[in-house]
Every structure is written in C-alpha cells, then in structure tokens.
Amino acid sequence: MNASNAIIDRFASFFDYLRSSAFKENPTANIFSPLRKVSSEPAINNYLPLTHELKFEITKYLNLKDFIAFSSINVDNYLSLRSDDLLVKRVIKNEPLVRMLERLKDLNEKSQQYLFDITEEIELDENYEADIPPMAISPGPARLFLNSNPEGYRTLSVYFVKLFQYLCMFANDDSTDLFFRAHICSLTIDINNRMSLKGGENAVNATSLALYFIDIASQVNQLIGIEEKDQKLHTLANMIENNELKKGKLSQVYYYKSVLREKNEFDWDNFIDNLLLKNDNANVPRC
C-alpha cells in the first residue's frame, strides 16, 4: 500500500476520513487505491480458500484498518476479499462499533490510573476549581477536549472532572450490557468534543451538556420496559449536539433525577417534548 496516496493509510480510522476535507472534496474516491504492486503471479481467480461464512465471521471483528491488513496478507486473498462488496460494506458498518469498543477499553484503562476515589465528592482548591486528571485529556480514543477559555473555567473544571468520573463509572458497570456501555460512553464523548470544537457558546456548554446526557442515559438504563434504549438515547444525543433542547431543562433532569422519580409513568415522547426549545414554558420534564 502506498502510504502517501492511499486514503486508508492517511487517516486513523474510517470515521476520521468521513469528517475530513479529503472526503468532502472527493466523496467517491476509492479508499483502497492505489492497489499495491505484487511481484508474484496471483493464484487462479485470486481465490482465498476460506468459506464465505468464515470470511463473514472474521470481518465481524475487524475495523477498516484491520480489514486492509488482513486482506493484504498474501496475493491470494488481497483481491478476493476487497472485491466482495458485502464484506467491504460489513466492515465499514463495523467501524463505529469498533471505535466505541476502543473508547470503552481506553476508559477502563484510564479509570485504573485515576488517583482519587471516583465515587467521592470532587476536591476543590482555594479558588473553588477542580484539578483536571491528566488521563482525562491524554491521547487515546476516549480523550476529552477541554474548553480552555478562562471565562467560566471555575465551574467548567468541576463539570469536566465530574464528566470523567461518570464516564469511568459507567464504563466499568458490569451490570450493564457491554455494547450499550460502549455506545453511551462514545455518544457522551462526541457531545463534549464536537461541541468544544465548534467554539463560542457551544464550547462553553459542551462539558455540562455531555454530563447531563450521560446522567440521563444512566437513569434511563435503570428503567424497565423501554424498548430500543440505545436508539432513543442516540436521538437525544443528536438533539443536544444540534442545540434543539433547552439547557436549563436538561440541568433540571440532572439535578432532580426526574426520570427515576417518575419511573412508573415513563413516557419517552412526552419526556423529549418537554425538553424541546419550542416548549419553553413547559415545567420540569416529566416522564
């Protein structure tokens, strides 16, 4: 693979490629080009002696980078795997899941490095500011972006540490399904990081909104009888990121734990409707 020209070798993941200027400029580019040159003659029909079922089983556990490496092990399987559109689509569909699991693993590792009791109150200095854990902003799939704007930093630092604590606790909650944990943690990180990168008011609110989201997700996770929780919470995360919901109402859910208080009467549609900006005169969100 020519690292200077092949798209797949220029980005850390397919997710990063989709958000890049390279994709916007040429969204139909062949991510596998240029094909590497081989000096030996390929086998007849480039046939890989693996059953179709086995190849599908293998691709379930590969992200795009790993798939490229696996399909390039030898001349025989180089073209046979990549020419199978179903396999390629399967791997691309896997990419978000692999990214989520990588973030969950990173959070688990970082939580082991956290020097304080993650369940205790956050310690503040004489300026009422919290000490930001280095592992929260250190490189890795679960890295959190911190708005460095001095204005409002005092409150922001407390929210930021609390967000990291919530992420670590949720990531290590073995009573919750592994993939659900990975999904919620990834959505939370995206809210914080994407909104931080937007700058302005979005950056100022990024951390608190991400904290409100994972707290609501934790509450919803404890409720029985809600179908498709992951999809509903994904929609909620998108609405938060797109500034469709009232920040004050989200904070009320966070502080008053209104989801759990009304757990026997939970109505998701009513809950979301009460959070919408258009319903500015609504009361504290009921469920």
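Some ground rules come first: residues are numbered from 1 along each chain as its sequence is written, and side-chain values use heavy atoms, with hydrogens and water left out. Since this is a predicted model, local features need pLDDT of at least 70 and side-chain atom pairs count only at pLDDT 80 or more, while totals for chains, interfaces and linings use all residues.

The protein has 14 helices and zero strands, where helices (H or I, at least four residues) and strands (E, at least two) are DSSP runs numbered from the N terminus. Of its 287 residues, 46% count as buried; buried here is under 20% relative accessible area, exposed is over 50%, and partly exposed lies in between (1.4 Å probe, protein chains only). Among contacts (heavy atoms within 4.5 Å) between residues at least 6 apart in sequence, 69% join residues at least 24 apart.

Helix H10 (residues 200-221) packs on helix H12 (residues 247-256) at an angle of about 45 degrees, with the axes 9 Å apart. Axes are lines fitted to C-alpha atoms, for helices over the stretch in contact, and angles run from 0 to 180 degrees between N-to-C directions. That angle makes H10 oblique to H12, given that under 35 degrees counts as roughly parallel, over 145 as roughly antiparallel, 65 to 115 as roughly perpendicular and the rest as oblique. On the H10 side the contact includes Asn 205, Ser 208, Leu 209 and Tyr 212, and on the H12 side Lys 247, Leu 250 and Tyr 254 are among the residues involved. By class, the residues of this contact come to eight nonpolar, four polar and two charged (Ala, Val, Leu, Ile, Met, Phe, Trp, Tyr, Cys and Pro are nonpolar, Asp, Glu, Lys and Arg charged, and the others, Gly among them, polar). Ser 208 of H10 is buried, with a relative accessible area of 4%. Leaving aside neighbours within four places in sequence, Ser 208 touches Tyr 159 and Lys 247.

Helix H11 (residues 229-241) and helix H14 (residues 268-275) pack at about 5 degrees, with axes 12 Å apart, and are therefore roughly parallel to each other. Here Lys 232, Leu 233, Leu 236 and Met 239 of H11 meet Trp 268, Ile 272 and Leu 275 of H14. This contact has six nonpolar, no polar and one charged residues. Within H14, the buried residues are Trp 268, Phe 271, Ile 272, Asn 274 and Leu 275. Seen down the axis, they fall within an arc of 160 degrees, so they line one face of the helix; the arc is that of the directions from the helix axis to the C-beta atoms. Their cover includes H10, H11, H12 and helix H13 (258-261).

Also in H11 is Glu 241, which is buried at a relative accessible area of 11%. Beyond neighbours within four places, Glu 241 is in contact with Asp 190, Arg 194, Met 195 and Lys 198.

Finally, the loops. Most residues other than glycine have a negative phi. Glu 228, in the loop between H10 and H11, has a positive phi near 55 degrees and is partly exposed, with a relative accessible area of 48%. Asn 243, in the loop between H11 and H12, has a positive phi of about 60 degrees and is partly exposed at 38%.
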